[in-house]
Amino acid sequence: MNLLTGDLPREVEIQGQRYPLNTGFRTGLRILEAFEDPELTPGERQALLLKLLYPRLPATAQGLHKALELGIRFLSGTYDPPKVPGGPRLYSFVRDGELIFSGILSCHGVDLSREQELHWWKFCALFRELGEDCTFCRLVNLRRRLIQGTATREEKRLAAALGPAAFPPAEPGTAEEMTRIEEFYRKLNQHGSNEEVENG
């Protein structure tokens, strides 16, 4: 889907029926926040995704499974962004929320506190295009170099001065749970299919 020429998706089709989506960016962030919460089980995170994203849900187990699949696909945003290399997650919408907020404000002039119904895909577009000079992107690049072992002495001194904030977010939960969280962030940063995500 091309954001310049197409309409933003506002519903999905499941078993021949259309189901509207809560498309606001705050809904997307609340879902990702739940997937970062180490106190929630995978089942609880999935239930929250369905509850937050859909005003109404299919009645069958097969329909709910499809709703979950399409919900994850919707959250990925399906433009054609540049693919990012795999590896550990370098940021957290919870832990780095203030820097992401200020980055979007400084790079794009968008004050998220004043936005009421900014579509999730618009938010994803703004997030993906944060400039390299914003504090959030510099911090992510520092974390990447620290993990790769390519940080300079000056960067290591900076990391020591910053303390825990300089290092990637802790990964909560079991390996299976982390796979689900990583899937969200991978899909957020990579192009995916949107054949069944309909325009409203």
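Angles between axes under 35 degrees count as roughly parallel, over 145 as roughly antiparallel, 65 to 115 as roughly perpendicular and the rest as oblique. The structure is a predicted model, in which local features need pLDDT of at least 70 and side-chain atom pairs count only at pLDDT 80 or more, whereas totals for chains, interfaces and linings use all residues. Residues are numbered from 1 along each chain as its sequence is written, and side-chain values use heavy atoms, with hydrogens and water left out.

The axes of helix H2 (residues 42-53) and helix H3 (residues 61-76) come within 10 Å and cross at roughly 75 degrees, and the two helices are therefore roughly perpendicular to each other. In this contact (heavy atoms within 4.5 Å), Gln46, Leu49, Leu50 and Leu53 of H2 meet Leu64, Ala67, Leu68, Gly71, Ile72, Phe74 and Leu75 of H3.

Across the whole structure, 10 aromatic pairs are found, a pair being rings of Phe, Tyr or Trp (its six-membered ring) with centres within 6.5 Å, where planes under 30 degrees apart count as stacked, over 60 as edge-to-face and the rest as tilted. The rings of Phe25 and Phe123, with centres 5.7 Å apart and planes at 20 degrees, are therefore stacked; this pair links distant parts of the chain, since Phe25 lies in helix H1 (residues 25-36) and Phe123 in helix H5 (residues 120-128), 98 residues apart. Both Phe25 and Phe123 are buried (under 20% relative accessible area, with exposed over 50% and partly exposed in between, for a 1.4 Å probe and protein chains only). The rings of Phe127 and Phe136 have centres 5.8 Å apart and planes at 50 degrees, so that pair is tilted.

Methods. Axes are lines fitted to C-alpha atoms, for helices over the stretch in contact, and angles run from 0 to 180 degrees between N-to-C directions. Helices (H or I, at least four residues) and strands (E, at least two) are DSSP runs, numbered from the N terminus.
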